[in-house]
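Dear colleague,

Please find the structure below, together with its sequence.

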Amino acid sequence: MTLGIASQQLDLFDPVSRFCAETLAANSVYAFLHDHRDRLFPDSLFADLFAQVGRRSVPPSVVATVMVLQRLEGLSDREAVDRFAFDVRWRYAAGAGGWDGASRAGFAHTVLVDMRERLRRSANPDRIFEVALAAAREAGLLGRRRVLDSTPLYDAVATMDTITLIRSAVRGLLTAAGRDLAIDLRAVLTSGDDYVNTAKPVVDWDDKTAREALIDSRARDGYALLAALDGSKKLPEAVTEAMRLLATVLGQDLETGDDGVLRIARKVAADRVISTVDPQARHGHKTSHRGFDGYKGHIAVDPDSEIITATEVTAGNTGDAGPAADLIVDLTTPANDQDTPAADAAVYGDSAYGAGEVLECLHTAGIDAKTKVQPPVAPRGKFTKDRFTIDLAAGTVTCPNQATIAIRPITGHDRHAGKADFGRACTDCPLRTQCTESKTGRHITISRWETHLTAARTRQTDPAWRADYRATRPKVERKIAHLMRRRHGGRRARMRGLHRIAADFKLLAAATNLARLATLNLTGSSHPSPTPA
């Protein structure tokens, strides 16, 4: 398929264009896209996605405009192409005009599917987001402050229980094996299950013995398949992936009892696969009382213009601090070919971003850390860690009773660098009841980032720091509300798999940014014209 080119000959007397030009608000996103579509999404921007010979595609500038409006309004592919066919505002934004003459009446919804896949496989899959960000940068809207936050993205599949996971993983391996290999593999199955039907086997689910026998038999089928394939060479990649998924499913939920029967373990694996349909989805917790299944969407926002500057999507069980460095690459990367990043950069975030590794990253880059750090806590009102004097230079810790203990180094730990044990000093201490109830005395753990954590806790006691934080950080909450206001494609993912969901989330951010540019009324000639990155 070759690149389609949108017509540049606009009919000044077209009733659709004339009606929309007269009635749409100046800061409407439809008017903004109509005025700047050719510069934002020229057909040449997508030339690398198409072949040199073949039939003409729908002009990519039209498709990109429909994709942006689709994400803004939370529509399915079929709903989006229907809206383009019958809504004059969409036709005006896409430059399609009315239905007379040579104007395009519509196109198949599979065009949107095809465009997303072409973008995903390309060298620059995020070009629509980058174009919107370049327009904001050219308009002078991006400063050197960023606010970080995350939000749950619910997966688009059903969370499976253990027996469904095992049967689905076995069925997936038999399917991937192909006809000839599957015949050999089925010979090692002993449960009597053909693994063709997706429904659960019929048993008395109120009978504990029947349930355990069902789990044990299907699990042994799974192990038998893995044993049959163990050591096989030159297996297809699909079979290898199916084996890996089956091994993961079997290993995460089961344990062998004293009687040799495989049973469901009374625990939840830290990185538990929750569905064989979307193996990258995970159990997540936004708070200790609020769980979800799926992914996390992370964003960085310029608090002054409320433009989203970066997005990331991770599995639901990933901490917020993990992708923080990727969200602020534009601050840590030298600007304008300079040797060092521009000054006056600041990053805001709640206590999830107050981790030591984030503070160290910001300190190394010379960025002002406005991320909140949790104060030290202790059970039942005991002395907290900040009541102890930690002298890293001398390598000592002094307790409230003025006992000084040397810090013992800890090696091989990801987060702990040392520890001070006050065991003997606590024996006759008059403050023991206010400090610890441990029989071995009080212990103080020294973090690898103790200096940064201590400095951050000191900074956030400043009234000016707190006032700035309270005035700035909540702006990201409003932006997340803008992203999540449509359930379909907002809070609920529209597709499966980390990479596809990440691309869709970035497209949503691009559409939200373009709507923000329109709200700021950048359609006038006094503003710089946005151009592709």
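Phe84 is buried, with a relative accessible area of 0% (buried means under 20% relative accessible area, exposed over 50% and partly exposed in between, with a 1.4 Å probe and protein chains only). Please note that this is a predicted model, in which local features need pLDDT of at least 70 and side-chain atom pairs count only at pLDDT 80 or more, while totals for chains, interfaces and linings use all residues. Residues are numbered from 1 along each chain as its sequence is written, and side-chain values use heavy atoms, with hydrogens and water left out.

Aromatic pairs

Rings of Phe, Tyr and Trp (its six-membered ring) pair if their centres lie within 6.5 Å; planes under 30 degrees apart count as stacked, over 60 as edge-to-face and the rest as tilted. By this rule there are 4 aromatic pairs. One of them joins Phe84 and Phe107 in a tilted arrangement, at 5.3 Å centre to centre and 45° between the planes. These partners are 23 residues apart and link distant parts of the chain: Phe84 belongs to helix H4 (residues 77-86), and Phe107 to the loop between helix H5 (88-94) and helix H6 (110-121). Helices (H or I, at least four residues) and strands (E, at least two) are DSSP runs, numbered from the N terminus. Phe107 is also buried, with a relative accessible area of 12%.

The ring centres of Phe388 and Phe422 are 5.7 Å apart with the planes at 55°, so this pair is tilted. Both Phe388 and Phe422 are buried.

Charges over rings

The charged end of Arg91 sits over the ring of Phe84, 5.1 Å from its centre. Lys506 places its charged end over the ring of Phe129, 4.7 Å from the centre. The criterion is NZ of Lys or CZ of Arg within 6 Å of the ring centre and within 35 degrees of the ring normal.

Cysteines

The structure holds 0 disulfides, a disulfide being a pair of cysteine sulfur atoms within 2.5 Å. Cys426 is buried, at 7% relative accessible area, and Cys20 is buried at 2%.

Helix H16

In helix H16 (residues 463-472), Trp465, Tyr469 and Thr472 are buried. Seen down the axis of H16, the buried residues fall within an arc of 80°, so they line one face; the arc is that of the directions from the helix axis to the C-beta atoms. Pro463, Ala464, Arg470 and Ala471, on the other side of H16, are exposed.

With kind regards
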